[in-house]
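This briefing covers the overall build of a protein chain and the charged pairs within it. Please keep the sequence and the 3D model in view while reading.

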Amino acid sequence: MTTLLDTIISRIRSQGPMRLDDYMTTCLLHPTLGYYTTRDPIGADGDFVTAPEISQMFGELIGLCLAQTWLSQGAPAQFTVAELGPGRGTLMADILRATQSVPGFVEAAEIVLVEASPTLRDIQSTTLAGYTIRWLDTPDELGEQPLYLVANEFFDALPIRQFVRDDKGWRERHISHRNGALSFGLGPRLPLPALSDRLDDTVDGDLVENCTPLTGYMHPISHRIATYGGAALIIDYGDWRSLGDTLQALMGHKSVDPLTAPGQCDLTAHVDFEKLALAASPAKHSRVTPQGVFLERLGITQRAHTLAKAMSGTALETHIAAHRRLTHPSEMGNLFKVMGLYPPTQPPLPGLEP
Ligand code: SAH
């Protein structure tokens with residue numbers, strides 16, 4: 001049977017060294033051998049765990065944050081509730097369950113999931129049985145109406161390119177092969193005007209990353225929010241203007257070499273929130289806020305106390321650990337950041353500042 005490694009090597013043989021963004025897309029989304037296309041990677045038995053899988057509180061608070069924003073914007077009659085990269089569908093299920101208490105919200109919402117993996121679409125349809133869902137390949141196809149959107153650990157899965165500073169130019173990191181194994185190499189030095197802003201904060205040998213499709217995903221979302229109303233919550237790991245190699249491969253919850261098992265491990269990179277902020281226009285963007293601070297402002301501790309009243313033994317211990325994991329600065333609380341998008345005429349979403 002042909003493996004993804006064979007496929008990649010034969011492509012490099014015929015077309016020359018492969019760009020990193022090409023490699024990531026091939027590994028994650030190859031139609032028959034890709035990582036997301038062929039499996040459910042999330043959870044204790046998979047390769048990584050995400051916030052909505054840790055506790056229902058995450059999705060509940062996000063749902064109430066979006067529904068409160070909808071109310072503050074005059075509760076438009078027709079609107080979309082959307083998620084980018086919904087994984088197992090757990091976050092959307094928690095959003096829709098928690099917002100049943102907001103009259104009119106769930107009944108009127110058009111529910112949209114932007115998902116590339118057919119395997120995960122199947123799992124999402126099971127998780128969300130009973131709801132009418134529209135699946136899209138890209139946010140370009142979203143309706144022209146108010147949009148309330150969430151993206152958790154979506155932008156980190158988008159492909160990046162990496163460039164190493166060489167005097168006033170840049171050499172792109174690419175992938176070649178030798179004796180059946182993949183290895184990194186560097187292309188020729190090029191001037192690259194798109195990276196001219198990074199000449200100020202880098203020195204020779206520094207590596208910078210560029211997420212090529214980020215603007216294309218952001219534009220249709222910011223355009224709808226600015227024109228029709230709505231809001232977006234983008235939650236991911238990363239920081240303002242990243243520097244250095246942040247490409248990471250995870251298999252069975254452990255870090256592995258990103259080149260050894262293509263298609264069999266998760267590949268992600270830190271999200272550059274400065275790039276998200278630049279792409280937020282014509283909508284406004286909030287200050288980048290640590291996930292722990294955001295969840296505390298939305299009342300996660302009160303919610304945790306309420307849920308704890310009905311628990312005991314191991315369930316209670318797991319629940320306390322989940323609260324800590326989502327919020328504590330040494331766990332996900334600081335590594336993960338939240339940025340909100342909102343219309344220029346409106347205040348930011350609850351829990352966020354301009
Ligand atoms: N948000 C979920 C899952 C994060 S994993 C959670 O928090 O649990 C990343 C998700 O993005 C998966 O559902 C994956 O299939 C999807 N994905 C990755 N690249 C994509 C792309 N280019 N277009 C649409 N979906 C994509």
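A contact here means heavy atoms within 4.5 Å. Among contacts in the chain between residues at least 6 apart in sequence, 75% join residues at least 24 apart. The model is predicted: local features need pLDDT of at least 70, side-chain atom pairs count only at pLDDT 80 or more, and totals for chains, interfaces and linings use all residues. Numbering starts from 1 along each chain as its sequence is written, and side-chain values use heavy atoms, with hydrogens and water left out.

**Overall build**

- The chain contains 14 helices and 17 strands (DSSP runs numbered from the N terminus: H or I of at least four residues for helices, E of at least two for strands).
- The C-alpha trace spans about 60 × 45 × 35 Å along its principal axes.

**Surface and burial**

- Of the 354 residues, 53% count as buried (under 20% relative accessible area; exposed is over 50%, and partly exposed lies in between, with a 1.4 Å probe and protein chains only).

**Charges and salt bridges**

- The chain carries 28 positive and 40 negative side chains, where Lys and Arg count as positive, Asp and Glu as negative, and His and the chain ends are not counted.
- The structure holds 20 salt bridges, each a side-chain nitrogen of Lys or Arg within 4 Å of a carboxyl oxygen of Asp or Glu.
- One of them joins Arg-88 and Asp-40 at 2.2 Å, N to O. Arg-88 lies in the loop between strand 2 (79-84) and helix 6 (90-98), and Asp-40 in the loop between helix 3 (35-38) and helix 4 (51-54), 48 residues apart.
- Arg-134 and Glu-110 form another salt bridge, at 2.9 Å, N to O. This pair links strand 4 (residues 133-136) with strand 3 (residues 109-114), the partners being 24 residues apart.
- Asp-245 and Arg-173 also meet in a salt bridge, at 3.5 Å, N to O. Asp-245 sits in the loop between strand 10 (230-239) and strand 11 (248-251) and Arg-173 in strand 7 (residues 169-178), so the pair ties together parts 72 residues apart in sequence. Arg-173 counts as buried because its relative accessibility is 16%, whereas Asp-245, at 44%, counts as partly exposed.

Notes
Charge placed at Lys NZ, Arg CZ, Asp CG, Glu CD.
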